[in-house]
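Please read them with the structure open beside the text.

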Amino acid sequence: MKAVMTMNYLYLAFAAVAAMACGQARAEEAATPPLKVGGAIRFNYVHKSWQDEYSSGFFGLDTARLNVDYDNGSLVGSAEYRYNRFPKGQGGYWQHLLHHGWVGMRFADKSTLHVGLDKNPFGLLPFASNNFYESIAFYAGFEDKYDLGVTYASRPGPFEWQLGFFPRDGGSYAGSANTASASNRYSYNIVPDDDAQGFGTGQDDRERNTLVGRVAWHVGSEGQHEIGVSGLSGEIRNGAGTDTRRNALAVHFAGTWGPFKAMLEALRYNYKTRHDATQTYGALDPNSFVIVGGFGYPYPVATRGNIYIANLSYDIAGKLGPFSGFKVYNDFSVLRKSVRAYNNSVQNVTGLSFSSGKWFFYADLMLGKHHPYLSPDLGGLAATSPQHEGFSRRINLQAGYYF
């Protein structure tokens, strides 16, 4: 049933975009064609300080993707499908998934209405980070997240607001046999646990009927500073007829001073759950964590916590041979868990990004602890082992060709 629904979402998204294109008889006469087809292919070199069996790191394909975008001024649409294939050092698996797919309208006042699989308007946008791996908010399900629903965005200006209602999450897709089926998705959502690839808790939670709102105020002579607040409230459907709620609130600031840019965000979330005594592992309180999944694998996340983000970047002018667009940055984020005896999770990324024509590059040095992508901990973003209290290191070098 999930596979059928997934294919329906994909079919509707691409069919709608194609229908809009066919309905424009004079599109070929326009200076800028309304329909654009593109994509990207990306490769990564990764070294993890805790993987002794890969002392020299490993290299492989990260993503191949296809993009379709349509904009004739009033009708708009966008869809992206991805194929991921990761080497053994990064799980040794493949998956394909719909990243986003929506259609919509742009009104006379330049505001927009989208229907489909679209980004949640929450916190710092479009990202709360500069680096490729984003921030801890991404792994907790609060950054760069896409769900199925309706979104409205007012015209950007000194004051803007967005509102979204998402009856369902982003859905699950296909992956190799060593992945968890419910976690084969781009966005990190609350998902049912997996006995083989997960923690065997029997938790069967899903996100439903989520309302997200965001307001932002742009200040400065050119609106180069932004102050905003976001709120989120939705259901957690546990399959036992005792649905509960999840809530989150965030405040953010983004400011630009010449080549410098700063991003700050403070986020608090609280998930109410009704798990029975058997729906746990390691004798933990079954209501102290939920199972969150993405990119093929689930992990536990504390049900209550605060996330803090502080990023600073600097744009370097000029060229170096064929390369330009240099940006250096340091992105810091921490999850302070409001659950007794749960260690805080930390992520810091110092990096450089630059481009050459259609190529884009990242070079990131990542440090972290009690983190599913930066530590040998098996507890994700919930209870983690005191044996790994020190920081682990991950080096990520990426080259992507965008067309």
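1. A residue is called buried here when its relative accessible area is under 20%, exposed when it is over 50%, and partly exposed in between, with a 1.4 Å probe and protein chains only. By that criterion, 52% of the 403 residues of the chain count as buried.

2. This is a predicted model, in which local features need pLDDT of at least 70 and side-chain atom pairs count only at pLDDT 80 or more, whereas totals for chains, interfaces and linings use all residues. Residues are numbered from 1 along each chain as its sequence is written, and side-chain values use heavy atoms, with hydrogens and water left out.

3. Two helices and 20 strands make up the secondary structure of the chain, where helices (H or I, at least four residues) and strands (E, at least two) are DSSP runs numbered from the N terminus. The radius of gyration is 21 Å, close to the 22 Å that the globule rule gives for 403 residues, so the chain is as compact as a globular protein of that length; the radius is taken over C-alpha atoms, and the rule is 2.2 Å times the number of residues to the power 0.38.

4. Among contacts with a separation of 6 or more, 60% join residues 24 or more positions apart, a contact meaning heavy atoms within 4.5 Å.

5. Threonine 273 sits in the loop between strand 13 (260–271) and strand 14 (289–294), and it is buried, with a relative accessible area of 14%. Its side chain makes a polar contact of 2.7 Å with the side chain of asparagine 287 (a pair of N or O atoms within 3.5 Å; within protein, one must be able to donate a hydrogen and the other to accept it, and residues adjacent in sequence count only if both atoms are side-chain atoms). Leaving aside residues up to four places away in sequence, threonine 273 touches Ile236, Thr244, Asn287, Val290 and Thr303.

6. Most residues other than glycine have a negative phi, and most peptide bonds are trans. Against that background, please inspect the peptide bond from leucine 125 to proline 126, which is cis with omega near 0°; proline 126 belongs to the loop between strand 5 (112–119) and helix 2 (136–140).

7. Aspartate 144, in the loop between helix 2 and strand 6 (146–153), has a positive phi of about 50° although it is not a glycine, and it is buried at 6% relative accessible area. Alanine 283 likewise has a positive phi, of about 65°, but it is exposed at 80%, in the loop between strand 13 and strand 14.
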